[in-house]
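Open the model in a viewer and keep the selection panel at hand. The tour below goes from one selection to the next.

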Amino acid sequence: LGKSGPAAAAAEADPAHLPPNVPWWTQYLGDGVAARPYGLPSPHEAHVVRRNVEWLTATTESSVNFTPIQDLHGFVTPNGVCFERHHGGTTEVNPVDYRLMINGLVDTPKIFSMEDIFRFPVESRFYFLECAANTGMEWRGAQLNGVQFTHGMIHCVQYTGVPLRVILDQVGVKPNGTWLLAEGGDSSGMHRSVPLEKALDDAMLAFAMNGEMLRPENGYPLRLVLPGWEGNMWVKWIRRIEVGDQPWHTREETSKYTDLLANGKARFFTWEMDAKSVITGPCPEKPVLHKGVNQIKGLAWSGRGRIKEVHVSTDGGRNWMQARLPDPVLPKCLTCFNAEFEWNGEEVLLQSRAVDETGYVQPTMQALQEVRGVNSIYHNNSIQTWLVNKTGEVENVRLG
Amino acid sequence: LGKSGPAAAAAEADPAHLPPNVPWWTQYLGDGVAARPYGLPSPHEAHVVRRNVEWLTATTESSVNFTPIQDLHGFVTPNGVCFERHHGGTTEVNPVDYRLMINGLVDTPKIFSMEDIFRFPVESRFYFLECAANTGMEWRGAQLNGVQFTHGMIHCVQYTGVPLRVILDQVGVKPNGTWLLAEGGDSSGMHRSVPLEKALDDAMLAFAMNGEMLRPENGYPLRLVLPGWEGNMWVKWIRRIEVGDQPWHTREETSKYTDLLANGKARFFTWEMDAKSVITGPCPEKPVLHKGVNQIKGLAWSGRGRIKEVHVSTDGGRNWMQARLPDPVLPKCLTCFNAEFEWNGEEVLLQSRAVDETGYVQPTMQALQEVRGVNSIYHNNSIQTWLVNKTGEVENVRLG
Amino acid sequence: DDLEPGKQYDLGRAATAEEIAGWDIDVMPDGTGAPVGQGTPIEGEDIYLTQCASCHGEFGEGMDRYPVLFGGEDTLASHNPVKTPGSYWPYASTLFDYIHRAMPFGQAQTLTNDQVYALTAFLLYINFVLDDDAFVLSNENIGEIEMPNRDGFIPDDRPDAQPETVCMSDCDVGTEVIGRAAIIDVTPDGDGQPEGISLE
Amino acid sequence: DDLEPGKQYDLGRAATAEEIAGWDIDVMPDGTGAPVGQGTPIEGEDIYLTQCASCHGEFGEGMDRYPVLFGGEDTLASHNPVKTPGSYWPYASTLFDYIHRAMPFGQAQTLTNDQVYALTAFLLYINFVLDDDAFVLSNENIGEIEMPNRDGFIPDDRPDAQPETVCMSDCDVGTEVIGRAAIIDVTPDGDGQPEGISLE
Ligand SMILES: [Ca+2]
Ligand SMILES: [Ca+2]
Ligand SMILES: [Ca+2]
Ligand SMILES: [Ca+2]
Ligand SMILES: [Ca+2]
Ligand SMILES: [Ca+2]
Ligand SMILES: [Co+2]
Ligand SMILES: [Co+2]
């Protein structure tokens, strides 16, 4: 993987542009305000893109790409680089033709258009969305040498939409209605069972992310938001909600998204995302370029609420220090952490460990494997180790 | 202005796509994950763009365009549509060639590269940025018939950067240093005087917005952030900070950004943005399409801290109700408000009024004019009126 | 939040039974929702060979990285678990439901109900769930098929793997490097690499 | 915040005097920072006509919507205030500083110091601030020029325009429509419109 960011920054400056000289851009006019009605990043940031791993899947339509978290700052993910996970490609829906159907154990089955949806009261909230398979390729050992690939099935945006309970109030859930089926309008007909309790708690039907309408690849024009729960359940291009009295045990919650243990039994309905953190710099894509002071930066999150503490180690987990958690720290939202780190040119083993407000502590890979074995695929929230070698290069390693 | 959003939504749906029929997008595959390394909005959202007003300025390089706030949701502004204000066009800086110089009344004048900047501790915060001239074309009367043009010189993003006080600590401000000059690297050499107190309070040097590096039009690779203060001072492409013992009275703080009163005297150093709000739907671009329930949505903000209340009136300010302020409400950040509104087809005069945590109340235009006259250009934070006529069309009007 | 609970907004419209029928395609474990229809493994085999085998293989072995649909018996506790409808899936309803809504890949919802019953029966037959190749699978009996791994699932019992105390210094952990991603070299980096261990 | 106050990070490097000299171009009201040089209104006129008049007009009247640089005396309290260096600007230093850093528009920092002194002197001369067309404006005296509107500025005295109470019902306000943006029709809408009242 190209060491694009820091390597580029390490390139030689043109002396004509440095003081005392006055560079051309301080003399001549740039583009006017009519040049870019919808703007894009600087050409110097062309390396900040989603990437996919060809060998992971049979086709790109049923596949995943990864958020370039090594190049991001703060906890908002720009819409252009929010990772994608499709089971039938990016569904293209014209909002004029869009309809949401609600049926099943309800007093009045109903159909809503986007115009209807926009006339309900809304809320706007920041939530992380993590695929349950994030870090799933690392159960058996350190495999992918880049934080984009090991931890990039995550993003965090401000969603705006209608609380799901408000919509359910419009159809009247019958007393025996205890489960929902959420079903997508894509060609995989993506569908998941959701307990009514979650639907009435903090679920929402969102039409916007980071201020603008959802991107097509993230469910335009309407998707389900289930704060803190695995991304697969956040049904995109949602076309239908059915109320039932039992779960459906759909293909995505049986064949997939069940967690196989060492004894051959599998956990099902593993919805919550456990607390997790990762250092996004230094990381394999972002080597340490200088001796002396450096910043460790990273992201932490928990599906159970707020992050309370993040600990950082430079010696492979023997000794830990508290990282800074700059404001604001929001529940079920990515949380930034920082820690200073003096590098003297020796080998260093970097780790981070998140603790959430419930007291849950991000476990080591050994602790996870003891309970779960290595066949789980999903919910690998173990502590990640980066080895910084004497030249400052960073590698994904497994300790034991 | 094309009634693009709602008009498009009001278009006829294709029955082939509606239930019981199964639309093509539920049958066939969409684009795979390799299609868009950096994504863009749906083609159906092509109307959500920055727009400029040709007759406002002599050239597009010294000009402004406007954020399409009528089409946005939540308080985050997507980077692609953050309004632009340039005095010499969009300056294109290669970060490798970028340098920040700090000189003047300091112990050690210093030069920092972007690599240096990235090695300081950072913070990430949401702040609105409003041009002091926002709503400036409306002092004499209702002129522009669109909220994008009357109120669109504003945006709100999550900035990540280094607290300015940390950088100042590195050069050692001398005891007689009380003012800073912040100077841009653009061809207007944009420069403003900033009191040291603000610099040591919440000012930052930001390199990222909404998770990714600053956009070129917003100051890539480094800009000054002065929370709550007028946008002109948030120097973009900042190349130099000088510490002095008096303010500079630069062109931008004398010829411009001084507020002419009726008696011919002008206020200077009018930094803070007073509390303000506006209804972004319904608005001239977003007519009322249906009788019955509708949502009033809007944005409120204050340069002095948090928004405490927003009041909404449907009768031109005679009677007011409390609007909802969905969480989170952050200081010096845009704040969303909502209020339900039953429309029975009669003429309605919509207004909103913000109150901030200091108790400051957004004034009427009459109250402002009594103190300031109509020549002020800047700092028009008066209550905006939208007239909804019997067909649901919305017009910018002035009441008296 | 300060929204009035239960408030009626008079938005949207009632869905007709006909509209619902076109979209309400889900099938529950007990067969609830299964559309009227039927099919046998023998009928299914023909359809499978023309419409499915190109991806899933003539014997359900899965071409390339496409899903394997046959076998995997007794592998779940091994180092190479193979999860198929036969070895893993707890309910036959899921197979009908999924084929009906999503297969063939890229031509979803083009099969008739009878075709889907036949394909489901065929896949159950090659996985030894059905032993009669003329068994008539239908909406009447799909809720009664007993799947081999029906009892293979346990409810989520997390949180798990928690330390007894949160150690902050001199912690007793192994810090030897026992695996290195750079040596495996499966990371896409533009200069070629072997394939790694996928999720399937 | 929990950052250690005053912490030294050992980042960046000392700036040399030569480096600073190239970038430190600001001039303060008292003349601090003014580079060595000089010029007269007569010298300035020639430069102005070749380098500035195309935008600002031969007489500083401002072509099209480019800034007006002459006149405006006694207009500040009128309904059409004209803000020029003569009528509005409190300090001559600002004129030197701004021309030096930003003009000609699109060719910033291409003028010599002497040229900028001459242009500043010329603009002060046509605005009756200097009455001798051979006056030698220089770094020595630029901090001493007295500008007509020097006392025209007052410090920010906001917050202002506050109501005595926050009225919530039956408020005594005018609710007659006395102006309508749609009638003025200056809003860009793709179907043509007259120009509106700009900010300048
Ligand atoms: Ca392959
Ligand atoms: Ca013009
Ligand atoms: Ca059903
Ligand atoms: Ca390779
Ligand atoms: Ca200076
Ligand atoms: Ca027109
Ligand atoms: Co799970
Ligand atoms: Co001001």
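Start with C:Ala92, C:Ser93, C:Thr94, C:Leu95, C:Phe96, C:Asp97, C:Tyr98, C:Ile99, C:His100, C:Arg101 and C:Ala102, the buried residues of H4(C). Buried means under 20% relative accessible area, computed with a 1.4 Å probe on protein chains only. Helix H4 (residues 92-102) of chain C has 11 of its 11 residues buried. Helices (H or I, at least four residues) and strands (E, at least two) are DSSP runs, numbered from the N terminus.

This is a predicted model: local features need pLDDT of at least 70, side-chain atom pairs count only at pLDDT 80 or more, and totals for chains, interfaces and linings use all residues. Residues are numbered from 1 along each chain as its sequence is written, chains are lettered from A and ligands numbered from 1 in the order in which they are written, and side-chain values use heavy atoms, without hydrogens and water.

Next, show what covers H4(C): the cover includes strands E8 (179-184) and E9 (191-195) of chain A and helix H5 (113-126) of chain C.

Now select the cobalt ion (ligand 8). Its protein donors are B:Glu230 (OE), B:Thr270 (O), B:Thr270 (OG1) and B:His379 (NE2), at 1.9 to 2.2 Å. Donors are N, O and S atoms within 2.8 Å of the metal (3.2 Å for Na, K and Ca); water is not among the atoms, so sites may look incomplete. Along the chain, the donors follow the spacing E-x39-T-x108-H.

Finally, colour B:Thr270 and B:His379. B:Thr270 is buried at 0% relative accessibility, and B:His379 is buried at 3%.

Conventions:
Buried < 20%, exposed > 50% of the residue type's maximum accessible area, 1.4 Å probe, protein only. Contact = heavy atoms within 4.5 Å.
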